[in-house]
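Here are my notes on this one, for whenever you have the model open. I start with the strands and then move on to the ligand and the domains.

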Amino acid sequence: MPSIAQAIKQASHSLAETSDSARLDAEVILCHVLNCSTTHLLAWPEKILDAEQALLFNQLIEQRRAGTPVAYLTNSKEFWSLNLKVTPATLIPRPDTETLVEFVLNKFSAKKNLNLIDLGTGSGAIAIAIASERPNWKIVATDISAEALAIAKENALSHQITNIQFIESNWFKQIEEQRFDLIVSNPPYIAEHDPHLSQGDVRFEPLSALAAGKTGMNDINQITAESKKHLNTNGWLVFEHGYNQKKWVYNCFNHYVFQDITQLSDLSGQARITAGCRGEYA
Ligand SMILES: C[S@@+](CC[C@H](N)C(=O)[O-])C[C@H]1O[C@@H](n2cnc3c(N)ncnc32)[C@H](O)[C@@H]1O
């Protein structure tokens with residue numbers, strides 16, 4: 001059986017062809033198999049894996065070689081310093097989405113009792129991150145996927161979050177009568193024929209979480225159109241969207257007469273967040 005150091009070396013070599021982060025992938029997968037931290041790997045490089053550990057590690061490395069995202073192999077992803085469970089039923093939360101969370105927390109920091117809805121919550125990343133920082137807010141999180149919603153609920157439970165209500169719904173369908181101070185969403189926004197959909201980790205994520213019609217704008221258009229009747233006076237709508245959709249989303253908000261339209265860039269400087277206020281007379 002290999003030692004920790006040997007297993008990492010062999011796996012890094014085997015992943016080098018298909019992954020840009022071969023060594024890191026190998027380390028993260030080995031930590032998952034041994035249920036330990038990376039510090040443990042560094043501290044005990046000579047420790048020998050038992051047969052069961054070696055077998056599982058090799059199987060997972062083979063799946064990684066075939067392209068399966070590390071997060072689906074370990075069933076976990078860090079978001080807003082929270083460890084979230086992810087499965088192939090959920091999108092893998094991206095660091096860029098933390099920009100949306102940050103915007104909401106900064107803009108509405110003084111408010112004590114807002115009610116917010118996260119449309120298309122997936123693993124629950126946005127709703128749970130906000131709930132962890134604003135335990136007094138009343139939060140609703142929805143998804144059309146019952147499987148994703150079950151994972152989001154598990155994540156809320158494991159982080160002792162008690163201020164989120166989870167509802168299975170096709171956008172606003174199951175919440176016809178409700179109004180909110182804040183509507184946030186990272187909806188599907190990739191154009192259906194975008195070549196990125198057949199590349200890298202994205203290939204393994206649910207298409208229903210990613211693609212939204214010819215230009216990727218179908219869901220953003222629909223949610224924006226329907227949002228006004230679900231927003232309280234001076235309520236806000238906040239989207240994450242594609243780097244190439246800045247103008248379209250701005251025009252869409254303008255069309256539905258949102259005010260104070262604000263656009264923000266993600267961690268790599270691309271405009272990816274659009275927010276707007278319903279105003280008083282919508
Ligand atoms: C891009 S993912 C975002 C997931 C999560 N909010 C995040 O940021 O990691 C979009 C989510 O919208 C959900 N979705 C797609 N169409 C929907 C619809 N018509 N109604 C509700 N949710 C939908 C998908 O199941 C998916 O979980």
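1. Two strands pair if DSSP finds at least two bridges between them; strands themselves are DSSP runs of at least two residues, numbered from the N terminus. E6 (residues 180-185) and E7 run parallel, with five bridges joining them. Across that pairing, Leu182 sits opposite Trp236 of E7.

2. A quick word on what you're looking at. This is a predicted model, where local features need pLDDT of at least 70, side-chain atom pairs count only at pLDDT 80 or more, and totals for chains, interfaces and linings use all residues. Residue numbers run from 1 along each chain as its sequence is written, and side-chain values use heavy atoms, with hydrogens and water left out.

3. Back to E7, which spans residues 231-240: seven of its 10 residues are buried (under 20% relative accessible area, 1.4 Å probe, protein chains only).

4. On polar contacts (N or O pairs within 3.5 Å), a side-chain N or O atom of Asp143 is 2.6 Å from a ligand oxygen. Ligand nitrogen is 2.9 Å from a polar backbone atom of Trp171 and 3.2 Å from a backbone N or O atom of Ile144. The protein buries 95% of the 600 Å² that the ligand exposes when taken alone (Shrake-Rupley, 1.4 Å probe).

5. Lastly, the chain splits into domain 1 (4-67) and domain 2 (79-277), with bounds from an automatic or database assignment. Their C-alpha centres are 34 Å apart.

Technical notes. Polar contact = N/O pair within 3.5 Å; in protein donor to acceptor, adjacent residues only side chain to side chain. Buried < 20%, exposed > 50% of the residue type's maximum accessible area, 1.4 Å probe, protein only. Helix = DSSP H or I, 4+ residues; strand = E, 2+ residues; numbered from the N terminus.
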